[in-house]
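Dear colleague,

Please find the structure below, handed over for your own work. The notes that follow it set out what was found.

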Amino acid sequence: MLDSGKINNIFSVVIGAFLLLAGIWGIYSDVIFNVLTTSFTFAIIQIMFGVMGIVLGLKKHAKGYCILLGLLLIGVGILRFVPAVHYVIDAFNINEPAAYLNMALGIMALIVAYTGKERVHAS
């Protein structure tokens with residue numbers, strides 16, 4: 001059985017906890033951490049990815065999660081700045097600081113995914 005590297009698993013749990021907190025907060029408020037805007041839809045997505053990150057990190061299978069999360073966050077962050085794609089702004093209510101944070105976290109997730117060492121264990 002292939003286990004994600006330790007850094008992948010730790011990152012997955014930490015980012016998962018952050019997303020879970022941000023998602024729960026985002027259900028009750030359009031502004032989280034006093035600067036990041038969000039929507040109910042984006043809050044639900046954050047909760048789902050937060051729980052998924054925590055579970056996969058604890059089960060030591062976080063590499064795929066880090067790749068998926070990285071690509072998703074970078075994509076959402078970039079789409080925030082594309083004028084023709086206003087539905088991202090409308091659906092997720094993402095302001096510029098949130099877009100920059102999404103892109104930064106996405107880049108970090110991809111770096112962690114591709115620099116972490118995987119280990120093979122007998123099942």
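Buried means under 20% relative accessible area, exposed over 50%, and partly exposed in between (1.4 Å probe, protein chains only).

Please note that this is a predicted model, in which local features need pLDDT of at least 70 and side-chain atom pairs count only at pLDDT 80 or more, while totals for chains, interfaces and linings use all residues. Residues are numbered from 1 along each chain as its sequence is written, and side-chain values use heavy atoms, with hydrogens and water left out.

The buried set in α1 consists of Asn8, Asn9, Phe11, Ser12, Ile15, Gly16, Leu19, Ala22, Gly23 and Gly26. An α-helix has 3.6 residues a turn, so residues three or four places apart point the same way. The end C-alpha atoms of α1 are 34 Å apart, in agreement with the 33 Å that its 23 residues should span at 1.5 Å a residue; the expected span is 1.5 Å times one less than the number of residues.

Two residues of α1 may be of interest. Asn8, in this helix, has a relative accessible area of 0% and is therefore buried. Its side chain reaches the backbone nitrogen of Ala113 at 3.4 Å. Ser12 also belongs to α1 and counts as buried because its relative accessibility is 0%. Not counting residues up to four places away in sequence, Ser12 touches Gly53, Ile54, Leu56, Gly57, Ala62 and Tyr65.

**Helix α2**

In α2, 19 residues reach 27 Å from the first C-alpha to the last, close to the 27 Å expected at 1.5 Å a residue. Its buried residues are Phe42, Ala43, Gln46, Ile47, Phe49, Gly50, Gly53 and Gly57, and their cover includes α1, α3, α4 (86-92) and α5. Just after this helix, Lys60 takes a positive phi of about 65 degrees.

**The cavity**

A cavity is a set of points on a 1 Å grid over the protein atoms alone where a 1.4 Å probe fits but cannot get out; lining residues have an atom within 4 Å of a point. Grid points are joined across faces, edges and corners, and a volume is the space filled by probe spheres set on the points.

By this rule there is one cavity of 30 Å³ or more. The volume of the largest cavity is about 120 Å³. Its lining has 13 residues, of which Leu36, Phe42, Gln46, Leu101 and Asn102 are the closest to its centre. At least two lining residues come from each of α1, β3 (36-37), α2 and α5, and α5 gives the largest share, four residues. By type, the lining holds nine nonpolar, four polar and no charged residues, where Ala, Val, Leu, Ile, Met, Phe, Trp, Tyr, Cys and Pro count as nonpolar, Asp, Glu, Lys and Arg as charged, and the others, Gly among them, as polar.

**Two further residues**

Glu96, in α5, is partly exposed, with a relative accessible area of 40%. Leaving aside neighbours within four places in sequence, Glu96 is in contact with Arg80 and Phe81. Val85, in the loop between α3 and α4, is buried at a relative accessible area of 12%.

With kind regards

Terms used:
On a 1 Å grid over the protein atoms alone, a cavity is a set of points where a 1.4 Å probe fits but cannot get out, and a pocket is an open set with protein on both sides within 12 Å along at least five of seven lines; lining residues have an atom within 4 Å of a point. Contact means heavy atoms within 4.5 Å. A polar contact is a pair of N or O atoms within 3.5 Å; within protein, one must be able to donate a hydrogen and the other to accept it, and residues adjacent in sequence count only if both atoms are side-chain atoms.
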